Structures are given as C-alpha cells and as structure tokens.
Amino acid sequence: GGYGDVVDGPGALADPGRALLDGKAMVDLVGQDDDGHGVARPAHSADKEFHSFDVDGAPITFLVLDTNHHVGGGEGVITQRDVDKYITPVLDDALARKRYVVLASHHAVSSLSSDGGIFGVAEPDALSSSAWLAYLASYPNVIASMVGHAHRHRVRVQHTGAADFWEVMTSALADWPHEFRVVEIWDDDNGTLRIHSEVVDYASDDDPVAALGRHLGLVDFLSGWQGNDGRGEPSDRNVDLILPKPAL
C-alpha cells in the first residue's frame, strides 16, 4: 500500500546525478554541512579518513579512527603506520593540553584483524586487539570509545593494563531495534567522571520510508533472518558509566 508495484526490468535506471563516493569524497561532502560532524575542513589525507576535533566549552577531544581496511573484508584494521602518522600526534597533543579523549570508530576492539577478514590482504604491521589496548595504556586521558559494526547494543570495559576505558557499541539504524544513542559526559566533582547514555528510537510519523524500514527490520528479527537481538541486555542500553577521573 503506497510503495509502488514490484516489476521486472533491466535493472536500476541510469541517473547522471548518482555516483559512488569514495572515502575522501564522502568526508568532503560531510564537511560541507554546517555541523560537519567534526570535519571542519578538507584537511584529511588522501588515503585515510582520520580526523579529530575539540568540543567547545569542555576539555574533551574526539578522535575519529578510520578502521576500515581498504583492501579486504568487513573487519577492522589499525596499522602501526596509522598509529605513527595519525593517532599518536593527536593523543600526545590532547595529553599535553590535559584533554580527555573519546575515540570513535566503526570497529570495536574485538573486531580488529590483520587482514580485514574474508578476501582480505594481510598488513604486516597490523595491531592485534591486545596490542592496540597495550598501546592505549600510555594514554590515561582516553575515557571512552564509541563503536558499531556488530549491529547490537553492547557496553563493556576495555582493560589496557594501566588506564581502562568504556567501550560503548550502538546497534544499527538499519536493523531492529532501529535505535541511536545520546551520550553525555559529566564531571561529578567527586573524583569520578560519568558517561550517561540513552538509546532513542527514531520517529517514523508521516514518513512512509522510515515506517517501512522499521517494519522490514522487525520482520527480519521475528523471522530469524537477523542473527542477533540488537537490543542487548538492559546493562547495554540506558546506562551511567563511572570511571575514576584521570590525573592529567
């Protein structure tokens, strides 16, 4: 009802206004928005889309990691080259300026690999999950990491051996339960920091495309085609995450 008929045909109709965007073009497009999601100008590199930005009025820096393997499957890759060229300079600068750091990436620690997974090309200097955590042990100002990829809500502590941080995974808008997160970070003025997170449903009122998307996602889940319940446990959803305030 209202979505058109399904018909056979030669495939997608040609459209000169439609094009496949590579990573650089996508980030350039995002950076043109008034918000920009931290991409203030096209200063990113030609091969990787690492970038960082400071939060106005708060001692917090976001470091966005490009963990996608450009020659491989769907799993994450962080190489020592990435660490030396993109990551260490930002973390060293944030530590020197006494700023807390929130990492953001598509892949969680558990999804890091040496080759990106199936059909991947191995990177000789790829960091394992344990090596990545050992590297982050030198940065007590890293307090959280916002990740996705697994299409489920999940919250866990990542142990570096020196300065632990919270890893907050959010399910996919494309799959059940079709939720995103709102995250707030507080200084409780008692020697602790608080990361408050709530999951939120998107509105589908008067939007047939959004309504159809939620309907199809629920069908996928109830039919068993979606392999996991993206809602996670109650402790993965609306949470207050406490950590000792790092001495910077």
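Let me begin with V168, which is buried at a relative accessible area of 0%, where buried means under 20%, exposed over 50% and partly exposed in between, with a 1.4 Å probe and protein chains only. What we are looking at is a predicted model, in which local features need pLDDT of at least 70 and side-chain atom pairs count only at pLDDT 80 or more, while totals for chains, interfaces and linings use all residues. Residues are numbered from 1 along each chain as its sequence is written, and side-chain values use heavy atoms, with hydrogens and water left out.

V168 belongs to strand β6, residues 165-169, strands being DSSP runs of E of at least two residues and helices runs of H or I of at least four, numbered from the N terminus. Leaving aside residues up to four places away in sequence, V168 touches S145, M146, V147, R154, V155, R181 and L241, contact meaning heavy atoms within 4.5 Å.

Turning to the sheet, six strands form an open arrangement in the order β1-β2-β3-β4-β6-β5, with mixed pairing; two strands pair if DSSP finds at least two bridges between them. At the edges stand β1 (51-54) and β5 (154-158), each with a single partner strand, so one side of each has no neighbour in the sheet.

Finally, the largest nonpolar core has 22 residues, such a core being a set of buried Ala, Val, Leu, Ile, Met, Phe, Trp, Tyr and Cys residues joined through side-chain atoms within 4.5 Å. Helix α2 gives the most to this core, with six residues.
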